[in-house]
Amino acid sequence: MSFYDILYIVIPNMLLFSVPLIFTALGGVFCERAGVVNIALEGIMTVGACTAIIFNLTFVDTFGSATPWIAILVAMIAGMLFSVLHAVASITLRAEQVVSGVALNMLALAGSMYFVKQIYGAGETGKITEPLATTDIPILEHIPVLGELFFQDTYWTTWIAFGLAVVSWFIIFKTPFGLRLRAVGEHPMAADTMGINVNKMRYVAVIISGAFAAVGGAVYAETITYDFSHSTISGQGFIALASMIFGKWNPLGALGAALFFGLAQSLSIIGSFLPVIQDIPPYFLFILPYVLTILALAGFIGRSEAPAASGVPYIKGKR
């Protein structure tokens with residue numbers, strides 16, 4: 001097997017597993033830049049995946065090939081609504097944000113499985129018949145070597161995720177909205193004295209994170225699993241959270257970290273086809289993403305600085 005053949009196997013699969021992490025990690029960046037820790041990314045991904053699959057199965061005869069895209073939009077709305085629970089608990093009620101996130105993760109899985117069992121009478125849905133389809137990107141597909149690796153038989157969601165990472169970086173670091181967002185995450189009292197509504201900005205950030213994470217879950221379900229069960233989203237939200245931290249709360253850094261962890265996840269699937277690692281026992285490859293997550297955080301979290309007010313409820317007039 002030539003080096004090019006290896007790349008042709010590795011890169012498309014890396015992108016496939018990275019895209020849901022990119023969407024979700026971007027949501028985490030918005031949320032934590034505003035000073036709210038969102039451990040509930042895993043649960044929001046679960047809600048997004050469940051909503052997308054149920055919608056897809058229910059309305060595929062109505063919307064045809066547009067069904068998976070509409071399902072993503074519906075999942076995004078569901079994720080935004082679900083994230084409001086975290087916003088109310090963390091911002092309005094000033095609850096411990098980590099505890100709120102853990103509770104919502106449990107609620108998301110239990111609630112999703114309840115609806116699945118009520119609708120389908122089993123612990124999992126059927127397979128969708130209209131998943132997100134691959135396509136060739138016009139013009140770019142003809143670029144020698146790169147065209148075949150990146151722009152042929154690819155998902156539009158891949159390049160939407162890359163584009164949103166760049167747009168998110170621009171919004172956070174180059175716009176007045178981004179300046180206000182970072183201000184409430186670094187020094188909310190100073191932001192308040194400048195006339196910025198701290199709680200409003202934090203609500204907006206949490207809802208944005210819910211939209212991104214739900215899209216990540218929907219994309220994962222409609223490109224990788226094609227169904228929903230209790231194990232559809234199994235740690236992806238936490239890996240996305242690690243990507244955000246590894247990327248130093250920067251959208252472009254989170255993008256790079258998500259690609260790294262996506263590669264680790266893909267190796268557990270394609271490892272048997274690669275001559276370098278095909279003799280490694282499969283269970284070692286399956287735990288690789290989680291081991292790398294721990295090692296990455298252990299090695300870099302000490303050098304990464306979260307927003308100063310991250311995880312700290314704001315009480316007007318109190319330092």
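1. Helix α3 covers residues 67-92 of this model, which is predicted. With 1.5 Å for each residue, its 26 residues should span 38 Å, and the C-alpha atoms at its ends are 36 Å apart, so the two values agree.

2. After α3 comes R94, a residue with a positive phi near 55 degrees.

3. How many salt bridges does the structure hold? There is 1 salt bridge, and it joins the side chains of K127 and D227, with an N to O distance of 3.7 Å. K127 belongs to the loop between α4 (97-120) and α5 (146-151), and D227 belongs to the loop between α9 (198-225) and α10 (236-246); the pair therefore ties together parts that are 100 residues apart in sequence.

4. D227, by contrast, has a relative accessibility of 11% and counts as buried, because buried means under 20% relative accessible area.

5. The surface carries a nonpolar patch formed by I269, I280, Y283, F284, F286, I287, Y290, V291 and L295. Together these residues have about 860 Å² of accessible area. Which helix gives the most to the nonpolar patch? Helix α12 (residues 282-300) does, with 7 residues.

6. One of the patch residues is I287, which is placed in helix α12. At 42% relative accessibility, I287 counts as partly exposed, because this value lies between the limits of 20% for buried and 50% for exposed.

Conventions
Residues are numbered from 1 along each chain as its sequence is written. This is a predicted model: local features need pLDDT of at least 70, side-chain atom pairs count only at pLDDT 80 or more; totals for chains, interfaces and linings use all residues. Side-chain values use heavy atoms; hydrogens and water are left out. A salt bridge is a side-chain nitrogen of Lys or Arg within 4 Å of a carboxyl oxygen of Asp or Glu. Helices (H or I, at least four residues) and strands (E, at least two) are DSSP runs, numbered from the N terminus. Buried means under 20% relative accessible area, exposed over 50%, partly exposed in between (1.4 Å probe, protein chains only). Patches are made of residues with over 30% relative accessible area and no salt bridge: like charges are joined within 9 Å, nonpolar side chains (Val, Leu, Ile, Met, Phe, Trp, Tyr) within 5 Å. Accessible areas come from the Shrake-Rupley method with a 1.4 Å probe; for residues, only the protein chains shown count as cover. The expected span of a helix is 1.5 Å times one less than its number of residues.
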